[in-house]
Every structure is written in structure tokens, then in C-alpha cells.
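Good morning, colleagues. I would ask you to keep the sequence and the structure in view while I speak.

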Amino acid sequence: MRNKQSVQSIVCGDYVVTMNDERNIIKQGAIAVDSGVIVDVGSRQDIQRKYQSRNWVDGTDQVVMPGLINGHTHAAMCLLRGFADDIPLMEWLQDYINPIEAHAVSEDYVRVGTQLACWEMLVGGTTTFVDMYFFHEISAQVVDEIGMRALISASMMDQSRNDAVDIEDSFEQAERFVNVWSARRSTVVPILAGHAIYTLKNAHLIRLREMAQELNAPVHIHVSESKFEIDFSRRTYGTTPISHFEEIGLLEVPIIAAHVVWPEDNEIKTLARKGVGVIHNPTCNARIASGTAPVVELQASGVNVGLGTDGAASSNNLDMWEEMRVASLMQRARTMDSTVLPANKLLKMATSQCAAAIGMDSSIGKLAPGMGADIIQVSIDNAHHLPMYDVESHLAYSSGCRDVSNVFVNGNHLVRNRVPTTINTNQLKIDVQRHRQRISSFNRMNA
């Protein structure tokens, strides 16, 4: 009998949901992990026969699946959770969020807010997120220290901000950030971002495209999120945001398009043809009454559509399980069709399809040999998982953050038995309270 191969970890489960079309669900399965990469996926019996490890993770009453991917958020905005609720989008942004950010956002604010977001996301089973916020260098440092995976955007917007003197400074910072972090061995992927068509001049949008081409970096941007944005674009450019972006060549670079609530029918075909990844944010879109994105039509046209939470200031949490359910409910109510976005497709939107939408499908989103070892275990021994008929149905419609027991990113055990291993949560609570007091003080002065 040949010697067994020693590996870093073996993660087991009553079910392994691979998100591979070829062999999606393995009963009594296991995954062998070594050097941050998945070595093998199969039945527990086969994995045990071929591999040995000092770190066996028991799979009793557990489902193993890829880590969830949050395709669009503003991580540090966790510190503004509940600060301004139940307000129309542009009033919320211009009269509440912009002023408090001008007052409160600092390097320490972003450090603490990003740590809080990583804590919330990790214990909820999210292993990768795409971020857009101020002080991107600080966000990247936090993610790197914690060991989570993230696409961190160096963002441009033509308005006063706490981390840049002007738009020129923003572009210079962005170029430096992408160059420096691209050369590092890290779970951080540096990318570019333009906030939106209404916060950048046309010359800035063109320059953003040119920089993306020079640096070979994707662009993360809000696209056709609200009626306000559509009206602004028509007044300014005589056409809609997507059509204008096509006219200036912005869609020639990899685009991560957040929201896309109001695309024209012909623009959906354009998005598919140009390979634009769309991130659907159903809870936020519903909560601030932006509308309901035509996800069914986007997917039918071949657009990769992933899910995101947006920032917790507008969605109030970073719960990807909730996004799956809300996405399904909203699309079924919109189309009057109870068959759209079934459980398997929802899970793909939070894993493999989201990975494709953000340009990471060759490394994350599935459990297969050679993929990054971003793995979660979901407990299924609770009342809301009984009885078990269809594991994908239970994951998409019944599971939640509270059910996630273990989380691995790049093979590292970042949540063990529901407890983060790389975040000092006691100190973080103290730091969050300090910023809450500052934010509350501003709120009282301006009430």
C-alpha cells in the first residue's frame, strides 16, 4: 500500500456542495487542502485513503461549500449602521452620509470599520469581498493582517474627500496603490474604482479607462443604480450611463458594475457582449427604493450576475444569506414566476457566478483541485434545517450567518467553532464604541 500524502488540512462534511456542475453534491465528502490550495475533493473514504493530516475538521452535521463572495460593499461604513435610515437615496447621500463622512472618516475610522466588517463577514461565511471606500491603503492592510480575501478599490470621485487633496491626488494614489500591492504576496487584489457617472467628469472617466488599460486592473463602479443617475446622465450626455460608458470605451476594460437596476434592453446585450460583471444588491436596492434589477433578463442574456450587500449604512448588515433570499423573492414578485432564481442558481450567485463577475473564477468560487482553499462549514443540526430533503434548498432558503461554524481562507482557519482566530473582538468593540461616540456627537449637534 502506497504512503499517504501529508496535507495541511482535511475538511469533512455530511455533504460537500462543490458548485461544480460535473459533481455538485458529495455525500459524506471531504476536501484535502495544502499550501492554501485545494488538492482533492471526494468521498471521505477516498480522501482518507489517499491523504493524512494533523488537522482533521470533523464533518458531523456539517455542509461544506465554497466561501461566499460579497461582490460590492463599502466595508468601513459598518460604523454608520443605523445612522440614517428610511430616507430617499440622494437625500440620504447628500444630507446625511456625505456630511458625517467629512466629519468622521479618518485612517483610524477606516481601520476600525474594516475590521468590524471583516468580523461580520467572516463569521457569516463570506470569505471574499469587493470594497470601495476612502483610505484604501488602510483597508488593504487590515484585510492582509486578518487574512481574508478582498478586491480593494482605489477610488476616484471629483469632490472633497478626507483622503485626497483633489482628483489628481486620487489618480496618483490609485496608480501607486495598484503597482505596490500587485507586487505583494497577499490575499488583497488591488483594483481601480470610479464612484459613479455623477461624481466624475467625462475626462475623469476616460482617464480611468486609460489607467485601467495601463495597469491591467479592473474597474469597480456604480452603474445605473437610481432614476437620479439615469436622469443625470441623460441631461449631461444625452444618453444613459451604460451607453455613455460604451461610447467612451470604458466597457473595453474589465468592469465590476454595482447595481445595474435600470439598464435598457439593448444595454443588457451590450453588458453580455462586453463581458461586464454585474453585482446585484437586492436588500439595499429595495430598502432605499432604487428599484428592482432585471436579474432574470441579465442572466438569460449571458451576463454573469453576482450578489453583494452594499454597505451596512444602507443595508444594515453584510449577510449574504439574506441577499440570496431577498434576490429570489424580489425576482419572483417582479416576474410573477415562482421558478426563477432557484436554490442552485442563488448559491452560484453567491459563489461561482460572483467569482466570474469579479474576474476571479479561475481561483475561487468552487471546490475543485487547484482552486484557492476558501471553504466554509455550515451546521445543519438546528431546528430550521430539519427534516433534510434538499441540501441546496436548505442552504439558500433556511441557512443564515448563525449556522456557519468554520471558515478557511487560503487554507487558513480564520473562524474556528464560530470564533474568529485573527481578530481581537474585545478590543474591536472598544474601538467601535469610541467612533460611535464621535458619530453620535455630530448627529446631536446637527439634529
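Throughout this talk, helices (H or I, at least four residues) and strands (E, at least two) are DSSP runs, numbered from the N terminus. The model is a predicted one, in which local features need pLDDT of at least 70 and side-chain atom pairs count only at pLDDT 80 or more, while totals for chains, interfaces and linings use all residues. Residues are numbered from 1 along each chain as its sequence is written, and side-chain values use heavy atoms, with hydrogens and water left out.

Let me begin with the pockets. On a 1 Å grid over the protein atoms alone, a pocket is an open set of points where a 1.4 Å probe fits, with protein on both sides within 12 Å along at least five of seven lines; lining residues have an atom within 4 Å of a point. Grid points are joined across faces, edges and corners, and a volume is the space filled by probe spheres set on the points.

The largest pocket holds about 390 Å³ of space. It is lined by 26 residues, and H74, L93, N98, H195 and H222 are the closest to its centre.

I turn now to the strands. Two strands pair if DSSP finds at least two bridges between them. Strand β3 (residues 25–34) pairs in the antiparallel sense with β2 (residues 9–17) over 8 bridges, and likewise in the antiparallel sense with β4 (residues 37–43) over 6 bridges. A30 of β3 is the bridge partner of C12 and stands opposite G42 in β4. Between β3 and β4, which form a hairpin, there are 2 residues, and S35 in the turn has a positive phi of about 55 degrees.

Finally, consider Q299, which lies in helix α11 (residues 295–300). Is Q299 buried or exposed? Its relative accessible area is 15%, so Q299 is buried; the term means under 20% with a 1.4 Å probe, protein chains only. Counting contact as heavy atoms within 4.5 Å, and leaving aside residues up to four places away in sequence, Q299 touches V305, L341, K345, M349 and Q353.

Terms used: Buried < 20%, exposed > 50% of the residue type's maximum accessible area, 1.4 Å probe, protein only.
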